[in-house]
Amino acid sequence: MVHQLYQTTRAMSKSVNRALYSTNIYGSEWTILKTIHDQGTMTQTALANYLNIEPAAISKTIRQLMKKNLIMRQSGEDKTRKIYLSHTIGD
């Protein structure tokens, strides 16, 4: 049963990535972009907790999105680093 669940979610991820192919954005990247768009600026820790994703995976995806100039990171007065969208995304 666990194997079937894994295979199903993998197939869904592949389908999402195929659909997003022309945008040069992967499903994992889209999830972060959409969350920041909907929830607003947030810390990396808050993002990992909200999405229930390992911090290392969030870090990797954030680096990719920063290279694509889709998000930016800014240090706050309280030394936290907030992540926000570089551009407005249409709804």
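Me: Is D38 buried, exposed or partly exposed in this predicted model?
Reply: D38 is partly exposed, because its relative accessibility is 44% and that class runs between 20% and 50%.

Me: Which side chain does D38 meet in a salt bridge?
Reply: K34. The N to O distance is 3.2 Å.

Me: Where do D38 and K34 lie?
Reply: Both lie in helix α2. They are four residues apart, about one turn of the helix. K34 is partly exposed too, with a relative accessible area of 35%.

Me: How many salt bridges does the structure hold?
Reply: Two. E29 and K68 also meet through their side chains, at 2.8 Å, N to O.

Me: Which parts of the chain does that pair link?
Reply: Distant ones, 39 residues apart. E29 is in helix α2, residues 27–39. K68 is in the loop between α4 (55–67) and β2 (71–75).

Me: And E29, buried or exposed?
Reply: E29 counts as buried, because its relative accessibility is 1% and the cut-off is under 20%. K68 is partly exposed, at 27%.

Me: Switching to the sheet. What is the strand order?
Reply: β1-β3-β2, in an open sheet with antiparallel pairing. The edge strands are β1 (42–43) and β2, and each pairs on one side only.

Me: How many bridges join β2 and β3?
Reply: Five, in the antiparallel sense. Strand β3 covers residues 81–85. R73 stands opposite I83 in β3.

Me: Which strands does α2 touch?
Reply: α2 packs on the sheet and touches β1, β2 and β3. The direction of α2 makes about 95° with that of β3.

Notes:
Residues are numbered from 1 along each chain as its sequence is written. This is a predicted model: local features need pLDDT of at least 70, side-chain atom pairs count only at pLDDT 80 or more; totals for chains, interfaces and linings use all residues. Side-chain values use heavy atoms; hydrogens and water are left out. A salt bridge is a side-chain nitrogen of Lys or Arg within 4 Å of a carboxyl oxygen of Asp or Glu. Helices (H or I, at least four residues) and strands (E, at least two) are DSSP runs, numbered from the N terminus. Buried means under 20% relative accessible area, exposed over 50%, partly exposed in between (1.4 Å probe, protein chains only). Two strands pair if DSSP finds at least two bridges between them. Contact means heavy atoms within 4.5 Å. Axes are lines fitted to C-alpha atoms, for helices over the stretch in contact, and angles run from 0 to 180 degrees between N-to-C directions.
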